[in-house]
Amino acid sequence: MRVTSFGSGSNGNAFLVQAGSTALLIDAGVPIRLLHSGLRHAGVGDSRLTATFITHEHVDHVRAAAQLCRYQPVPFLATEGTIGELRHCRADWTRIRATVPVRVGEIDVTPVAVSHDAADPVGFVIEHDGVRVALFTDLGETTADVRSALSDASLIVLESNYDEHMLRSGPYPAHLKRRIRGPLGHLGNADCGELLAAHMGDRTTDVWLAHLSDKNNRPDIARASAEARLGGAALCPTITPVPRFGSSIVWDSEQAIVRPRQASLF
Ligand SMILES: [Zn+2]
Ligand SMILES: [Zn+2]
């Protein structure tokens with residue numbers, strides 16, 4: 001299985017998941033030009049996208065959805081609440097429900113409900129041939145379903161939105177800071193590290209830190225925070241902040257390896 005990020009954060013989110021002849025887009029939040037060039041670059045021409053899953057209706061996840069349905073009329077899958085918020089997007093909608101897996105081509109996708117200020121938001125567990133990817137980009141707090149979704153994943157894509165100090169001393173108004181920190185907002189670096197340390201399993205080779213804030217976080221700080229928290233883990237995954245905009249990164253299950261933990265200096 002191959003996962004490609006076309007960007008993650010408030011400027012737009014989109015991930016491509018490929019296995020065999022199946023190509024799934026998870027969110028269509030980056031500008032359509034970037035999405036098209038990313039798909040072409042990944043070998044998915046205009047007619048080769050199998051389906052698009054939408055996590056929730058916030059604009060950074062659906063910015064290009066309406067144009068995508070015009071140019072690549074593939075099935076769109078989302079929860080009932082999300083579809084209700086996106087009626088203006090005349091797509092071929094299929095309803096999905098949290099905890100109910102759907103098979104699209106050669107890939108199984110299980111939506112997992114998340115706590116976020118949208119109508120009916122979900123993250124996804126994506127599986128092909130025994131390889132599992134967990135993808136959670138927008139969530140204010142975790143639930144038992146989210147925690148258990150992480151345990152068998154080879155790649156975990158998990159939100160690491162803000163550094164607590166940068167958020168506290170940053171430019172956002174108080175109500176927005178409260179919203180970000182709140183149970184319907186976003187996971188910070190510390191939350192992300194705690195969650196990984198407590199629930200990541202031995203199969204996890206890679207962690208992508210997703211949805212980093214431009215104003216309240218930095219890739220080096222997010223990575224250092226997760227690495228510090230995971231220093232005691234038996235096996236240390238490779239931790240990579242997902243670029244916010246304009247460049248992509250790729251994970252390939254056939255090249256992923258579990259690395260022994262580096263010797264601690266402390
Ligand atoms: Zn959101
Ligand atoms: Zn978002």
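This is a predicted model: local features need pLDDT of at least 70, side-chain atom pairs count only at pLDDT 80 or more; totals for chains, interfaces and linings use all residues.
Mentor: Residues are numbered from 1 along each chain as its sequence is written, chains are lettered from A and ligands numbered from 1 in the order in which they are written, and side-chain values use heavy atoms, with hydrogens and water left out.

Trainee: Which helix gives the most residues to the lining of the second largest pocket?

Mentor: On a 1 Å grid over the protein atoms alone, a pocket is an open set of points with protein on both sides within 12 Å along at least five of seven lines, a cavity is a set where a 1.4 Å probe fits but cannot get out, and lining residues have an atom within 4 Å of a point. The second largest pocket is lined by 20 residues, with S10, N161, Y172, H186 and H211 nearest its centre. Helix 2 (59-62) and helix 7 (174-181) are the elements that give two or more residues to this lining; helices (H or I, at least four residues) and strands (E, at least two) are DSSP runs numbered from the N terminus. With three residues, the largest contribution is that of helix 7.

Trainee: What is the volume of the largest cavity?

Mentor: The search of the whole structure finds one cavity of 30 Å³ or more. Its lining consists of T55, H56, V114, P121, V122, G123, F136, T137 and D138. A volume is the space filled by probe spheres set on the grid points, which are joined across faces, edges and corners. For the largest cavity it is about 40 Å³.

Trainee: Is H56 buried or exposed?

Mentor: H56 sits in the loop between strand 4 (51-53) and helix 2. Beyond its neighbours within four places in sequence, H56 has contacts (heavy atoms within 4.5 Å) with D27, H61, V62, T82, H116, A118, P121 and D138. Buried means under 20% relative accessible area, exposed over 50% and partly exposed in between, with a 1.4 Å probe and protein chains only. At a relative accessible area of 2%, H56 is buried.

Trainee: Why do the buried residues of helix 8 line one face?

Mentor: In helix 8 (residues 189-199), N189, C192, G193, L195 and L196 are buried. The arc to consider is that of the directions from the helix axis to the C-beta atoms. Down the axis of helix 8, the buried residues line one face because they fall within an arc of 165°.

Trainee: Which residues are exposed on the other side of helix 1?

Mentor: The buried residues of helix 1 (residues 32-41) are I32, L35, H36, G38 and L39. Their cover includes strand 2 (15-19), strand 3 (22-26) and helix 3 (65-71). On the other side, the exposed residues are R33, R40 and H41.

Trainee: Which residue of strand 14 is the bridge partner of V3?

Mentor: Strand 1 (residues 2-5) and strand 14 pair in the antiparallel sense over four bridges; two strands pair if DSSP finds at least two bridges between them. Strand 14 (residues 249-252) has I249 and W251 on its covered face, and V250 and D252 on its uncovered one. The partner of V3 is W251.
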